[in-house]
Amino acid sequence: MSLSFPLSVVVIISMVCIHKVECVELNVGGDDGWVTPSSKNQLLYNDWASKNRFNVNDTLRFVYKKDSVMVVTEEEYEKCRSSHPVFFANNGDTAFALERPGLFYFISGVSTHCQRGLKMIVKVLEPDSPPPPRMESAAAALFPAAAFVPALLLGLLI
């Protein structure tokens with residue numbers, strides 16, 4: 001058997017980097033959904049958001065009745081009202097894709113619901129950068145014969 005085939009396999013394996021991308025859909029508020037919190041729990045949704053990690057391309061699912069969900073600016077979030085939201089939906093079952101890193105401000109379109117705590121800030125993490133190439137990979141690319149020693153040690157050339 002030729003040495004070039006096993007050698008090329010080792011070089012390819014050492015140079016390949018698999019970057020796993022996983023997107024998830026999260027139900028806002030869990031089983032209860034997007035509902036006005038009790039007066040004792042006005043931070044319900046920010047507490048929920050703080051217990052989750054949000055990544056670019058994750059989706060938030062808002063399930064609600066006789067309400068709405070809006071994405072607004074920070075100032076509008078603080079005031080619990082918006083005449084020009086970035087996003088608005090009132091269909092009772094809304095999926096919102098987190099398409100960029102940074103902060104997203106969600107409020108109920110019913111101002112009294114928002115004032116009672118039906119609002120949430122979500123922080124979407126920056127995507128991971130790919131790891132730098134390993135030294136073995138760089139050496140194998142520059143000096144293919146260098147891959148021969150690890151391959152021999154692993155018994156791939158026998």
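In what order do the elements of the protein chain run from the N terminus on? They go α-β-α-β-β-β-α-β-β-β-α-β-α-α, which gives six helices and eight strands in the protein chain. Helices here are DSSP runs of H or I with at least four residues, strands are E runs of at least two, and both are numbered from the N terminus.

A quick note on the ground rules. This is a predicted model, where local features need pLDDT of at least 70 and side-chain atom pairs count only at pLDDT 80 or more, while totals for chains, interfaces and linings use all residues. Residues are numbered from 1 along each chain as its sequence is written, and side-chain values use heavy atoms, with hydrogens and water left out.

**The chain overall**

Of the 158 residues in the protein chain, 32% count as buried; buried means under 20% relative accessible area, exposed means over 50%, and partly exposed is in between (1.4 Å probe, protein chains only). The accessible surface comes to about 10600 Å², and carbon and sulfur atoms own 59% of that. Those areas come from the Shrake-Rupley method with a 1.4 Å probe, and for residues only the protein chains shown count as cover. As for contacts (heavy atoms within 4.5 Å), take the ones between residues at least 6 apart in sequence: 71% of them join residues at least 24 apart.

**Strands and sheet**

Now for the pairing, where two strands pair if DSSP finds at least two bridges between them. At the β5 end, β4 (residues 69-72) sits antiparallel to β5, and methionine 70 stands opposite phenylalanine 88 in β5.

Strand β3 (residues 59-63) has its own pairings. It runs parallel to β1 (residues 25-27), and asparagine 27 has arginine 61 in β3 as its bridge partner. β3 also pairs with β6 (residues 93-97), this time in the antiparallel sense, and there valine 63 is bridged to aspartate 93 in β6. Here are the bridge counts:

| Strand pair | Sense | Bridges |
|---|---|---|
| β4 and β5 | antiparallel | three bridges |
| β1 and β3 | parallel | three bridges |
| β3 and β6 | antiparallel | five bridges |

**The disulfide**

How many disulfides does a search of the whole structure find? The search turns up one, a disulfide being a pair of cysteine sulfur atoms within 2.5 Å. Cysteine 80 and cysteine 114 form it, with their sulfur atoms 2.1 Å apart. The pair links distant parts of the chain, 34 residues apart: cysteine 80 is in the loop between α3 (74-79) and β5 (87-89), and cysteine 114 is in helix α4 (residues 111-115). The torsion about the S-S bond is about -75°, so this disulfide is left-handed. Cysteine 80 counts as buried because its relative accessibility is 4%, and cysteine 114 is buried too, with a relative accessible area of 1%.

**Two positive phi values**

Most residues other than glycine have a negative phi. Cysteine 80 has a positive one, about 60°, although it is not a glycine. Lysine 66 is not a glycine either, and its phi is positive at about 50°.

Is lysine 66 buried or exposed? Lysine 66, found in the loop between β3 and β4, counts as exposed because its relative accessibility is 82%.
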